[in-house]
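Here is a briefing for a reader who is new to this structure, with the points grouped by topic.

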Amino acid sequence: MNEQPLNTPKSPSDLFFSFAGLSIKAFGGIIVFAEQMVVERKRWLSRKEFLEDWAVAQTMPGAPVMNLSIMIGSRHFGVMGALAGLTGILLLPLILILLLVCAFAYFGEDPRIVGALQGMGAVSAGLLISTGVKLIKPLKVNPLGKTICAILGLSCFGLIALAHYPLATVLICLGPLACILAYFKFASSVPRESA
């Protein structure tokens, strides 16, 4: 199946408004909406490119979506694009947080508010699972193969969700292991020159 060609952002203001809309829609669970906006709606990246950029964005300091907005912005418009994407991600949530803090100080004990927040948590979990399922397809061409990817993914889940290890500890342990495995996989696939 042939995919349509990818688009590029029209201008820094396109980046700003796209990421500003994303930041408001995706308050608290952004990967789901980031993938929808960047891959499905705007078509700025393919699913494979999104996974690669998201992986890099997670390894950099700061929130991954901020790093992604900087990467996409700078790729197309340099410093101005990076600033436009970053400002779009940060500005509206900052204003919203300030308003919510004021409102929560007044209404935080109301049982309806507590119930609504618990319901939003369940919806966020469902959206995250559905995005995870959509992002499994590009793993079929991952150089490590499906089995090793599954083992690493389940190990990560088990260590964080079941054993309650901190995310940083798990990444420090499993990240280098995955890099070493990928290195040896690539090294074994490179043809050797005869002496």
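The side chains of Glu52 and Lys48 meet in a salt bridge at 3.5 Å, N to O, a salt bridge being a side-chain nitrogen of Lys or Arg within 4 Å of a carboxyl oxygen of Asp or Glu. This is a predicted model, in which local features need pLDDT of at least 70 and side-chain atom pairs count only at pLDDT 80 or more, while totals for chains, interfaces and linings use all residues. Residues are numbered from 1 along each chain as its sequence is written, and side-chain values use heavy atoms, with hydrogens and water left out.

**Salt bridges**

- By this rule the count comes to six salt bridges.
- Glu52 and Lys48 are four residues apart in helix 3, so about one helical turn separates them; helices are DSSP runs of H or I with at least four residues, numbered from the N terminus.
- Glu52 is partly exposed, with a relative accessible area of 41%, where buried means under 20%, exposed over 50% and partly exposed in between, for a 1.4 Å probe and protein chains only.
- Arg75 forms a salt bridge with Asp53, their closest N and O atoms being 3.0 Å apart.
- Because Arg75 lies in helix 4 and Asp53 in helix 3, the pair ties together parts that are 22 residues apart in sequence.
- Arg75 is partly exposed at 44% relative accessible area, whereas Asp53 is buried at 11%.

**Cysteines**

- The count comes to zero disulfides, a disulfide being a pair of cysteine sulfur atoms within 2.5 Å.
- The sulfur of Cys149 is 12 Å from the closest cysteine sulfur, in Cys179, which is too far for a bond.

Terms used. Helix = DSSP H or I, 4+ residues; strand = E, 2+ residues; numbered from the N terminus.
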